[in-house]
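Here's a quick briefing to read alongside the coordinates.

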Amino acid sequence: MPSEAARALYADTRAAHTLVWFRQNLRIRDNAALCAAVAEGSPIIGIRIDDAETGNPRRTAFYRQSAAELAQVLAGRGIPLYTAASPAGLVRLAVRLNIRTVIADESHTFADKLADNALWHELDKHGITLTFVNDRSVFDNTDLIPDNGTAHTDFNRYREVWLDRFSKHPPADSDIFSTYRQPFPENLPAPPPAAFSDGIFLPQNGGETAAWRQWRRFIEQADSYSVLKDFPSRKNTSLMGAYLSAGCISPRLLARESLERRLNAWTDNIIRRDFFLQLALQHADDAPADGNPEHTLRLTLWQQGRTGIPIIDASMRCLHKTGSLHPALKRLSADFFCHVLNLPRREGEIWFARQLTDFDAAINQGNWRLASSQHTYPDIAAAAHKTDPDGTFVRRHIPELAHLPAAVIHTPWRAAGSIDTHGYPAHPVAGIP
């Protein structure tokens, strides 16, 4: 039973509260924001801002599903989880509920930092403190700063520093929240039921429970990861991207487990994620392209999976249909976009942002900047045979070519006079030999 002192905290609607703003940390276990809120000593209230206007309905649906589970778990500990439609809504709720401190997981992009600064000023007008903690990466941006004080730009060097730091000072997962309970604030308005996005196909269920279930499933087959990770048709990746993006699972805990199990090839994914997060603050978003007609045509063909390059078109159709794409095919599609179609990186970045369930602005930006900075012309046919040697992935997503043998399926234009492609483009848009 709650103590009399605990009950007294809620006797007055003007009692001070701590507000935890859940952003990309929709979990209970190893949640630095929740632990910091417990340390504040005041009753805790949760809030999230629903990002329904992002233009990415799958990501919105995944976040809503994850938040619904979070709300249920928090309610079991006496913590209501409210939803606001905008930062302005967060400010209004904070003022109405007599919030003294807002605690949130730290953002990592230039645009988000500007928005955070604006929110800080609004909250400060009402005497409300805004505090940030690191819940998105293994190490905070300030933990691995090189001697010149700027972000690391070389991944190999960053990896060395990261592994050295982890071996000597691994980040601790706090259990201060593990046994936390408080009386539910009956004098406050109940949060409305969680919103859902009906009719949205999600290849994975959102939420912390599903995240750990998927991780355990991956661990069972992880011994073959380094051998099979680059073959999309084998489905041997961890599928943790969406869970890490929404923060349904802690990157700190995954880093520890993967290193303990000597899954070094998979751990590189976590390290590269940290690398892009610390690098994102160095770049503001570029402006979209100027609408060049030729560029617009090529962009449309790429988006619709009609470039005439089967491995690229299968990738884009898969992305549009499922909201997910194998990492090797993300890289290949971006390389093709930047160096074969010669299109502005920012346009591809925007399209992925609208399609990917596991979209994370900093990671997406980092991958596209890496693709555009490469100076080698990708051999698409060779890459296709390497990643999809028997054509299984292409057949799965381009039924027009399902009847073709492996020797032809990746380069059908070379046999255009002797095969039927059932309406699939007879020649590549980029004129590849």
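Arg 23 counts as buried, because its relative accessibility is 13% and the cut-off for buried is under 20%. Keep in mind that this is a predicted model.
- The side chain of Arg 23 comes within 3.1 Å of the backbone oxygen of Asp 105.
- A polar contact also links the side chain of Arg 23 to the side chain of Asp 116, at 2.9 Å.

**Strand β1**
- How many residues of strand β1 are buried? The count is 6 of the 6 residues (residues 17–22), so the strand is largely enclosed by the rest of the structure.
- Both faces of β1 are covered. His 17, Leu 19 and Trp 21 are buried on one side, and Thr 18, Val 20 and Phe 22 are buried on the other.

**Strand partners of β1**
- β1 pairs with strand β4 (residues 99–105) in the parallel sense, over 5 bridges.
- Within that pairing, Thr 18 has Thr 101 in β4 as its bridge partner.
- Strand β2 (residues 44–49) also runs parallel to β1, and 5 bridges join the two.
- On the β2 side, Val 20 stands opposite Gly 46.
- To get from β1 to β2 the chain goes through helix α2 (residues 32–40), and this β-α-β crossover is right-handed.

**Positive phi values**
- Asp 30 has phi near 50 degrees, a positive value in a residue other than glycine.
- You'll find Asp 30 in the loop between β1 and α2, and at 6% relative accessibility Asp 30 counts as buried.
- Asn 98 has a positive phi too, near 60 degrees, and is likewise a residue other than glycine.
- The loop between α4 (87–96) and β4 holds Asn 98, which counts as buried at 11% relative accessibility.

**The cavity**
- The structure has 1 cavity of 30 Å³ or more, and the largest cavity holds about 40 Å³ of space.
- Which residues line the largest cavity? They are Leu 26, Arg 27, Ile 28, Ser 66, Glu 69, Leu 70, Val 73, Gly 207 and Glu 208.
- Helix α3 (residues 57–75) gives the largest share of that lining, with 4 residues.
- By class, the lining of the largest cavity splits into 4 nonpolar, 2 polar and 3 charged residues.

**The second largest pocket**
- The second largest pocket holds about 1000 Å³ of space.
- Its lining runs to 38 residues, and those nearest the centre of the pocket are Gln 24, Asp 51, Thr 54, Arg 59 and Asp 112.
- Elements giving two or more residues to the lining of this pocket are β1, β2, α3, α5 (110–125), α15 (345–355) and α16 (361–373).

Notes: Residues numbered from 1 in each chain as written. Predicted model: local features only at pLDDT ≥ 70, side-chain atom pairs only at ≥ 80, totals over all residues. Heavy atoms only, no water. Buried < 20%, exposed > 50% of the residue type's maximum accessible area, 1.4 Å probe, protein only. Pairing = 2+ DSSP bridges. Right-handed = clockwise from strand over helix to strand, strands pointing away. 1 Å grid on protein atoms, 1.4 Å probe; cavity = no way out; pocket = protein on both sides within 12 Å on 5 of 7 lines; lining within 4 Å. Points joined across faces, edges and corners; volume = space filled by probe spheres on them. Nonpolar A, V, L, I, M, F, W, Y, C, P; charged D, E, K, R; others polar. Polar contact = N/O pair within 3.5 Å; in protein donor to acceptor, adjacent residues only side chain to side chain.
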